[in-house]
Amino acid sequence: MQWLGMPKDAMKAVYYREWRMNRALYLVAGLLTILPSAPVLWSPFTVPHRFIRQLLTAFVVSNAHGAGGASVTWGILLAGVLGLGVFWNDRRRDGLEAALEGPLSRRALMAGKLFMGFQIVTAAQGLLFLLWTVIAISVGQARLIGPLASGAILTLMASACVFTLTLAWSAVMGSPFFVALTTTLWLLVPRVVATVVVNLTYAARMTMPEAAAMTATVTHIRWFSPLVNFYPANGQALLYAGYFALWAVAGAWAAFSWWDRVPFERLQAPLCFPGLWNGVYALLALVSGFVFATIGRIWGLGGGTEPGLYARTLALAILLWWLWRWILTRVGWSRDSA
């Protein structure tokens, strides 16, 4: 019986090969995900006994209400680093070409990475949820297990999302710089959009209810990125978990689809599909357009309103896209995209 281009029984060998190749990365990522919660375990030995219960209760309540802080973001970012690492380690050791020259199919190789990555991410987040559940029961806050579970599901889905997307980009980008840059941009887009919304509306004369509604809207926009210090809780956490789950499914589909289409001779190219260079030109055009538009505003050219600034940025970016394309093609970095 065939599955992913290989006999189904052969998948055990694929998983074993993936574990042998990248086991250090999987173990380190799992341990580092759990590490930020170590102070909770050490607190009984470092905090006076009469304050332990209050401290643990504060930890549990803050996590149940979405104030997990940097430790949650840390775990999500580690999932992205893992997605980059397991693919780049294969590239660095020339394991991809060697593996694909044998009976191993591309889809099976990708399935091994997705399977092992999901296992590690799920195990790490599951252990963290178990830890918080035990602490909640021990301090008499069992009623918070539900909110803790919602937060754990949100963190798990966000981690799986970043892992699959980074893995998909690693499949079509032979440069870790481009993978890291693309992941960073994806994480920052909701925050940039929220900032633009604030800049476009801050000068408007709003009533208190309108200002409160605008603030809530901006908060919800920021929650589309895992890079926040305060997360949605309870039902809202489950809604955003569903959003990240959709991205995780899309990332897994892209990882299989894109990786299957990469020409063998371009596996080591910085961007395996020449058309991806258009995204590089667009990014450079937007950044340089914003810089030039800001300089123009400082010099008093074109007014000083935020809508005018963004309009000039887009207008300049259209022209600069062609300039950057010409420059990078001339220097030979993206010659095959011309």
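Arg17 and Asp90 pair up in a salt bridge, with the closest N and O atoms 3.0 Å apart; the term covers a side-chain nitrogen of Lys or Arg within 4 Å of a carboxyl oxygen of Asp or Glu. The contact reaches between distant parts of the chain, with Arg17 in helix H1 (residues 11-34) and Asp90 in helix H4 (residues 70-92), 73 residues apart. Helices here are DSSP runs of H or I with at least four residues, strands are E runs of at least two, and both are numbered from the N terminus. The model is a predicted one, in which local features need pLDDT of at least 70 and side-chain atom pairs count only at pLDDT 80 or more, while totals for chains, interfaces and linings use all residues. Residues are numbered from 1 along each chain as its sequence is written, and side-chain values use heavy atoms, with hydrogens and water left out.

How exposed or buried are the two partners? Arg17 is partly exposed, with a relative accessible area of 21%, whereas Asp90 is buried at 0%. Buried stands for under 20% relative accessible area, exposed for over 50%, and partly exposed for what falls in between, using a 1.4 Å probe and protein chains only. Asp90 also meets the side chain of Lys113 in a salt bridge, at 2.8 Å from N to O. Asp90 sits in helix H4 and Lys113 in helix H6 (residues 106-138), so this pair ties together parts that are 23 residues apart in sequence. Both Asp90 and Lys113 are buried.

Another salt bridge joins Arg107 to Asp260, with 3.4 Å between the closest N and O atoms. This pair, too, links distant parts of the chain: Arg107 belongs to helix H6 and Asp260 to helix H10 (residues 234-261), 153 residues apart. Arg107 counts as partly exposed at 33% relative accessibility, and Asp260 counts as partly exposed at 37%. Through shared partners, salt bridges join Arg17, Glu18, Asp90 and Lys113 into one network. The structure holds five salt bridges.

As for the overall fold, the chain has twelve helices and two strands. Going along the sequence, the pattern is β-β-α-α-α-α-α-α-α-α-α-α-α-α. Of the 338 residues in the chain, 45% are buried.

Grid points are joined across faces, edges and corners, and a volume is the space filled by probe spheres set on the points.

The largest pocket holds about 910 Å³ of space. Its lining takes in 32 residues, with Leu185, Ala282, Leu283, Leu286 and Val287 nearest the centre. Helix H8 (176-201), helix H11 (277-298) and helix H12 (306-330) are the elements giving two or more residues to this lining, and H8 gives the most, with twelve residues. Sorted by class, the pocket lining has 26 nonpolar, five polar and one charged residues. In this sorting, Ala, Val, Leu, Ile, Met, Phe, Trp, Tyr, Cys and Pro count as nonpolar, Asp, Glu, Lys and Arg as charged, and the others, Gly among them, as polar.

The whole structure has three cavities of 30 Å³ or more. The largest cavity has a volume of about 60 Å³, and its lining residues include Ala29, Thr33, Gly75, Leu78 and Gln125. Helices H1, H4 and H6 are the elements that give two or more residues to that lining. The lining of the largest cavity is made up of seven nonpolar, four polar and no charged residues.

The second largest cavity holds about 40 Å³. Among the residues lining the second largest cavity are Leu154, Trp223, Tyr240 and Phe244, and helix H7 (145-172) and H10 each supply at least two residues of the lining. By class, this second lining divides into ten nonpolar, one polar and no charged residues.

Notes: 1 Å grid on protein atoms, 1.4 Å probe; cavity = no way out; pocket = protein on both sides within 12 Å on 5 of 7 lines; lining within 4 Å.
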